[in-house]
Amino acid sequence: MQDDYATLLKELENEEQQLQFDAFSNADALRLGSALVERAGALGKAVTVDITRNGHQLFHHAMDGTSPDNANWIRRKNNVVQRFGRSSWHVGTRYRSKGKSFEADSGLDSADFAAHGGAFPLALRGTGVIGTVTVSGLPQQEDHELVTRVLREYLDTLR
C-alpha cells in the first residue's frame with residue numbers, strides 16, 4: 001500500500017510540474033473553463049467549474065444538475081491549494097499515505113478546507129502558483145482527473 005501511495009504522490013508531483021503555463025490571461029480562463037464544461041457535458045456529467053487568478057474569479061459555471069454545495073466545495077478545495085501550493089488531491093493523498101486524515105490531523109477547520117480532489121494549482125513557470133483551476137461534482141479522483149486531462153490538452157494547444 002505504501003508503494004502505491006509513493007507512486008501516486010510522485011505522479012501527482014510530476015503533473016504539477018508539467019501542467020504549468022508561461023502566461024495566463026482572462027481569455028485563457030474562458031477557453032479552459034469552457035473546455036472543462038464541454039468535456040464534462042460530453043461525459044454526461046454535471047460539474048461546477050471555477051478558475052481564479054490572484055484572488056480574482058475569472059470563470060465560474062455551474063452546469064444543470066449541480067447545487068450551491070458545489071461552490072462551497074470549490075471554496076474549501078481552493079483554500080487547500082492556496083495554503084499548501086499543491087493540488088487538493090495531492091494534499092489529501094499525502095495525509096492518507098501517512099495513515100492520517102486531513103480533517104482530523106491538519107489542524108485546519110473543515111468548514112474552510114477540504115483536501116478532496118478537484119482543485120489544481122494554476123501555476124506560471126518561473127513564478128509559481130497564482131491561482132486555481134477547480135471542478136466539483138464528481139467523486140474526488142474523477143474531479144482531479146477531469147481537471148488534469150483538460151489542462152494537459154489545453155496546454156498542448158499552446159505549444
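Mentor: Terms first. Two strands pair if DSSP finds at least two bridges between them. Helices (H or I, at least four residues) and strands (E, at least two) are DSSP runs, numbered from the N terminus. This is a predicted model: local features need pLDDT of at least 70, side-chain atom pairs pLDDT 80 or more, while totals for chains, interfaces and linings use all residues. Residues count from 1 along each chain as its sequence is written, and side-chain values use heavy atoms, without hydrogens or water.

Trainee: Which residue in S2 does Thr52 stand opposite?

Mentor: Gln57. S1 (residues 48–53) and S2 run antiparallel, joined by six bridges.

Trainee: What is the strand order in the open sheet?

Mentor: S2-S1-S4-S3, four strands with antiparallel pairing. S2 (56–62) and S3 (119–124) each have a single partner strand, so one side of each lacks a neighbour in the sheet.

Trainee: Which strands does helix H2 lie across?

Mentor: H2 (residues 26–42) lies across S1, S2 and S4 (128–136), at about 20° to S2. Axes are lines fitted to C-alpha atoms, for helices over the stretch in contact (heavy atoms within 4.5 Å). Angles run from 0 to 180 degrees between N-to-C directions. H3 (residues 68–84) also packs on the sheet, touching S1, S2, S3 and S4. Its direction makes about 150° with that of S4.

Trainee: New topic. Is Ser97 buried or exposed?

Mentor: Buried (under 20% relative accessible area, 1.4 Å probe, protein chains only). Ser97 has 11%. Ser97 lies in helix H4 (residues 88–97).

Trainee: Which backbone oxygen lies 2.7 Å from a polar atom of its side chain?

Mentor: That of Arg94.

Methods. Buried means under 20% relative accessible area, exposed over 50%, partly exposed in between (1.4 Å probe, protein chains only). A polar contact is a pair of N or O atoms within 3.5 Å; within protein, one must be able to donate a hydrogen and the other to accept it, and residues adjacent in sequence count only if both atoms are side-chain atoms.
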